[in-house]
Amino acid sequence: MEIGLRLAVSLAQIAAVMGVVMLTVMVLTLAERKVLGWMQDRMGPMEVGPYGVLQPIADGLKLFFKEDIIPAGANKFLFTLAPILALVPAMIGFAVIPFGPSMTIELFGLQIKPFVISDINIGILYILAFASIGAYGIILGGWASNSKYSLLGGLRSAAQVISYELNVGLAIVGVILLSGSLSLVKITEAQAGGFWNWYVLAMPFPQIFAFVVYVISSVAETNRVPFDLPEAESELVAGFFTEYSGMRFAFFFIAEYANMILVSCVAAALFLGGWNAPYPGTILEYIGLERIAWMENVVWFAVKVYFFLFLFFWLRATLPRLRYDQLMRFGWKVMLPIALGNIVLTSIAAYFFPR
Amino acid sequence: MNVAISPAPKQKQSLSDWLKTLTFYELLVGMKATLTHLLNYKPITLQYPHEKRILPDNYRGMLALLRYDDGTEKCVGCDLCEAACPSRVIRVVSAEVPGEPTKRYSKEYYMDMTRCLFCGLCVDACPVDALGMTREFEWAVYDKRQLHLNKQQLLAIGDRSFPVREKPLELQHPNVAFFNVAFKHLPPKEN
């Protein structure tokens, strides 16, 4: 009985988070085109609905009813598997992201945490592990398509995702050293009480370098401009999903945007204090509305995540694509030493000035 | 491409160059530019099917055959347009006007607009200004054969695009009317 209830509550939480993520993906597909258009003195989509706001729905319908083509000579099993392998890890990472304050409420005699699906104590490791599995989707999709463009895109993606995941992992280590925990809930809680406690600025050693390395590497890891070599339009048609159409293409597309949201959530939670406001406590608490103070926290989290998502669009509108050797040199010769040096300095600082 | 063999000459980097590299100065300049465009949002887009450009008078659009203000066709069937056309769009079948042996006209007149490159040479070549270029450009069709126009269609385009017509040649100026004119409808000269 209790297990059944717990399952139902968990499923409801998962459905809610998935719904919010899918809604954000829909908003992002439109927002990206709009913001890019505005930055380039264009209008973006304007036809479907007032100012083109219904464009994501039209896109979704079109992709849903489009013919699903499997090219001749493709490995059918892997070709079918690849989009799922790309989408599932992108979605599954949201299980450990705390969207709001870590309070417990009692429902049907159960203690449940409403703002995190599961607070496991290796949260960040779990996200990194599943992000690595996401690379398989891209590589297998590129290989199984039986197309030279897809294969080249997949190969590039394999090298790029692996070398930049390393930097992401190493950049996070500094934060983990300071917080002493791998759980995103605990890391976020440790940053409470004003923006000077956020790990990007916190004493004894501000993680500003790790933050920059993380942001750049996460852009590379999600295959976004200026590191979009796996899907470079001008060179490889569309990279690893050249041969995909219909819903399978949509899966890759959703996976890319879900990955963007995921890395933005992780960046917000690790470096910018997650759901903590930049001042101690919350305003709603001060004016005597403790019961809805969580709203302010959730809004702050959303603001931080959307700032990163806007940064993704902003970079895309500004920067040209790197050459492949530049990408590799930047990853291994610049980002990696900075991340390693940050770990050394952070551990020294954390040893001499324990918090 | 012997990059690996000869090492690049070492450039002296000043402190400010280092600082610029470290702080992503060049990237920030570029990002400021894009943000400025976002904040001062002035799109140059024209929402085409909903709003249309005002085209200039010398716009070289769809070709048309013209008429005089009394409704007679201007074309005298001289074939000069056919000779001038670089893409062999035009085919003219010239004939005498029935009952007026001094006067000629184009019995048939075909234009294959699939080949036309809108250079305007036929319009320049016409001695009687019988051809005109309209400002029509929305001529996308599902069947290519619909772009194979005959004389009636070309005249219709001219009628709807040039509502103001010229007077017949012989009435414009006495010296202009030196050929292809039958004087039956004019009063005889007094000498």
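In which sense do strand β2 (residues 90–97) and strand β3 (residues 100–112) of chain B pair, and over how many bridges?

1. The two strands pair in the antiparallel sense, over eight bridges; two strands pair if DSSP finds at least two bridges between them. Helices (H or I, at least four residues) and strands (E, at least two) are DSSP runs, numbered from the N terminus.

2. This is a predicted model, in which local features need pLDDT of at least 70, side-chain atom pairs count only at pLDDT 80 or more, and totals for chains, interfaces and linings use all residues. Residues are numbered from 1 along each chain as its sequence is written, with chains lettered from A and ligands numbered from 1 in the order in which they are written.

3. β2(B) and β3(B) form a hairpin with two residues between them. B:Val97 stands opposite B:Glu100 in β3(B), and B:Gly99 in the turn has a positive phi of about 85°.

4. Between the chains, 10 residues of chain A and 12 residues of chain B make the contact (C-beta atoms, placed from the backbone, within 7 Å). On the side of chain A that touches chain B, α1 (2–39) and α11 (293–318) are the elements that give two or more residues. The largest share, three residues, comes from α11(A).

5. α11(A) packs against helix α2 (residues 25–39) of chain B at an angle of about 100°, with the axes 9 Å apart. Axes are lines fitted to C-alpha atoms, for helices over the stretch in contact, and angles run from 0 to 180 degrees between N-to-C directions. The two helices are therefore roughly perpendicular (65 to 115 degrees). A:Trp314, A:Ala317 and A:Thr318 of α11(A) meet B:Gly30, B:Met31 and B:Thr34 of α2(B).

Definitions and conventions
Contact = placed C-beta atoms within 7 Å. Parallel < 35°, antiparallel > 145°, perpendicular 65-115°, else oblique.
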